[in-house]
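Hi everyone, thanks for coming.

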Amino acid sequence: MKKKTLAKVYEPAEVEKEWLERWIRDGLFTAETDSQRPAFSMVIPPPNITGSLHLGHALNNTLQDIMARYKRMRGYNVLWVPGVDHAGIATQNVVERQLKEEGTTRQELGRERFIERVWRWKEESGGTIVNQLKRLGASCDWTRLRFTMDEGLSRAVKEVFVRLYKEGLIYRADYIINWCPRCRTALSDLEVEHEHRDSFLWYMEYHLADSSGSVTVATTRPETMLGDVAVAVNPEDKRYRHLVGKTLTLPLAGREIPVIADPSVDKEFGTGAVKITPAHDFNDFEVARRHGLEPLRVMDAEARMNENARGFEGLPRFEAREKVVEELKKEGLLKKEERYSVLIGVCYRCRTVVEPTLSKQWFVKVGPLAGPAIEAVEAGRIRFIPKNWERTYFEWMRNIRDWCISRQIWWGHRIPAWHCTGCGHITVSATDPERCEGCGRSGISQDPDVLDTWFSSALWPFSTLGWPDRTVEQELFYPTSALFTSFDIIFFWVARMIMMGLKFKGDVPFADVYIHALIRDAEGQKMSKSRGNVIDPLVMIEKYGTDALRFTLTALAAQGRDIKLAEERIEGYRNFANKLWNLARFTLMNTEGARTGDVGPRDYTTVDKWIITRLSRCTKEVSGAIENYQFDVAAKAVYTFLWHELCDWYVELIKPDLRGEKGEDRKRAASGVLVTVLKDTLKLLHPFMPFITEEIYSYLPSTDTYIMRSSFPEPRGEYPAEAQKTESVMDVIRAVRNIKTEMNIPPGTELDCVCFTRDASAAEALKEGRDHLKNLARIGALTVTEGGERPAQAAFAVARGKDGGPAIEVFVPLKGHVDIDSEIKRLTKELEKTGRDLSSVEKKLSNDRFLERAPRDVVEKERQKLNAILDKKAKIEASIKRIRGIGE
């Protein structure tokens, strides 16, 4: 039932709450499994269960929601699958911190009770991000909410693991991996972030075992020398050729190690001779494998020196570094130290320095999976938008290493492998076995490791649709239509979904991959808590409403360009929402009781045909832009149409008609066109601003359903000749208004106007539009001729329509309205002041000390001030020139 009156002021909070509840209650987001409509499907990038809505979430889900709502209005059966990721390391850390506050640990609790505790935390606190996504207006099918550790997805994970293992694509091996001593787990390459730190390069002397000489080796990690198994030189390095094959005595340890030749050695690094520590360095591990050298691990899981580091056992690695350097100095084996910038790997979660460590881990052999995934993109079965991200994808896929999928934590999908204490056989099964499949004994125990969180996420597009069972959802909605994500998880997630989709479904998981921008602050800086420049989307929603935030993010989301966001932009688009609200109030108040349903082209005036033409072009632009993922183009098109054409011009042009000044038939027609245009505009805006458009739409006549269930607008036709006529009238109005502004004449002052044009259609348009010129430009007498003598003391401008219409020379006689000498004097004085301001800013910006020491945002503001002053100066000079021309 419709309410009687649209509220005077738009209050987002109460409107948003009401419509969200109604949409979900009435099943507007729910996909159908028996529909004949074409299918469109997406899966949400599942946010971490520990997370709270940030701007990245807001942007990503706003863009997905725009596409989902648009496709529904286009007649598609839309499935947008929501879900949440169990976030192994992050969630375990949250619960471990709680236990620490309670004075206990997960070890004291035990694995089973700890897992129960995490599930309890999930039930109590894990719904936060879901509720925040709903508040954003995300029109996911919430009846199909999934969790990466729910029963169905767990079954899919086990099934994939078992199949890959039986095909030889999952294996267990000693391998050098990234190890976080704080989280006590392996990390994939993608979970390690790198940063430069100031350190040293230490030069250590290794003596030949036969006492015939020595070799000086440079290293950034002297504590790992205790695990050295060789010293390597480049075979092309003439300095060391005579030493290859000889043995050295390892300082502090006394072991003998060989000198080997390997082409991977950089002759320019340090002395050209490098230590080989295969248990603690990725490159050294590969060198040792090539030369058949056995690795020696000298650190434990907490990065403390172990029993192989005799004399240093039990020391944390960085304390051991200091002691090793000290001992080398004592023995005269430290030749020199020099400052050096080191690229350090740190854990993406806790920022602890990662330790490359030799460890028994589970791996996916990705080579056989990567080939088809590369071919799918090369063949165009998957397209990246923007296209340049394909290059990034190919570079990574063509240099891919086997994927370490085991993690030494408790929260996650436990690896479905059981070790036999008798024969050592590993039984891999999707169901819990009772006996070893190798020897038949019952003494088996499940592997303690869990799978990398990204393993379950890689199955997301088909596991959420019911795989490994055969389901209607898979037949209808797989492959999915599009994936929206950020560039930083192309490797983590996108590539792995492609590999797994092709492997287990025989088809790509999605057709399009849209990579959206990164949001930065107004100065282009990355947002971070330490910088204090983070904008909280939930706070912005409270202050300005969800629609204002959504529209801001969309309007700024240009393909391939980062978003520079300031709160003022959101405030500005809140004003746009208010503009829409006020337009709706005006429309309802001025069309009440009017019979608008039977108005058609036969009733249209020239001005009506202009707005219909502009609406049709806007409709085509918005549709085309959304289809091509140009969301900013679509947003700007409908913004420009609503504010600058519908509100600024059409409403003003037809106000006399709505008052009945031209009769009831014209009032009815104008009302009908205004309501029709408003309805279509609301529909164009709905995917971007769902709450306010649904609210307004519910008040309009002949709207008995949700706006989301209405059809997306189709172009209503174009009338180029009539549109051009209206543009000519509008451009003369602009010219007269500009003249008044420049001449400091009050807008309400009535002035005569003379127009010269050789175009018959333009002349006819001006004569027909005489009333519009009088009402909106306050023109008195209007003269329209092909040409003639220029009127005395008249300001002059050339008017030309929006679409390159005919030129119209506009003259406005100013005798009696402007004191030319006084006006020139006033403007000259203002020009002098502007010159002084300009000199001051230019002086500041030419000062190198100011540019070096002032904060970046302060410098940027001064540059903006300079541009504003230069613009003002140009306008004043143009005004002086114009006024002098009048007096001639």
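**A helix and a sheet**

Okay, start with helix α8, residues 282-291, where Phe-282, Asp-284, Phe-285, Val-287 and Ala-288 are buried. Buried here is under 20% relative accessible area, with exposed over 50% and partly exposed in between, using a 1.4 Å probe and protein chains only. Helices are DSSP runs of H or I with at least four residues, strands are E runs of at least two, and both are numbered from the N terminus.

Quick caveat: this is a predicted model, so local features need pLDDT of at least 70 and side-chain atom pairs count only at pLDDT 80 or more, while totals for chains, interfaces and linings use all residues. Residues are numbered from 1 along each chain as its sequence is written, and side-chain values use heavy atoms, leaving out hydrogens and water.

What do the buried residues of α8 pack against? That would be β5 (170-180), β11 (256-261), β12 (273-276) and β14 (355-364), with contact meaning heavy atoms within 4.5 Å. At the N-terminal end, Asp-281 caps α8, with a side-chain oxygen 3.0 Å from the backbone nitrogen of Asn-283. Just after α8, Gly-292 has a positive phi of about 65°.

Now the sheet: four strands, open, mixed pairing, in the order β27-β26-β29-β28. Strands pair if DSSP finds at least two bridges between them. The edges are β27 (779-785) and β28 (794-799), each pairing on one side only. β26 (residues 751-756) runs parallel to β27 over five bridges, and Leu-751 has Ile-779 of β27 as its bridge partner.

Conventions: Polar contact = N/O pair within 3.5 Å; in protein donor to acceptor, adjacent residues only side chain to side chain.
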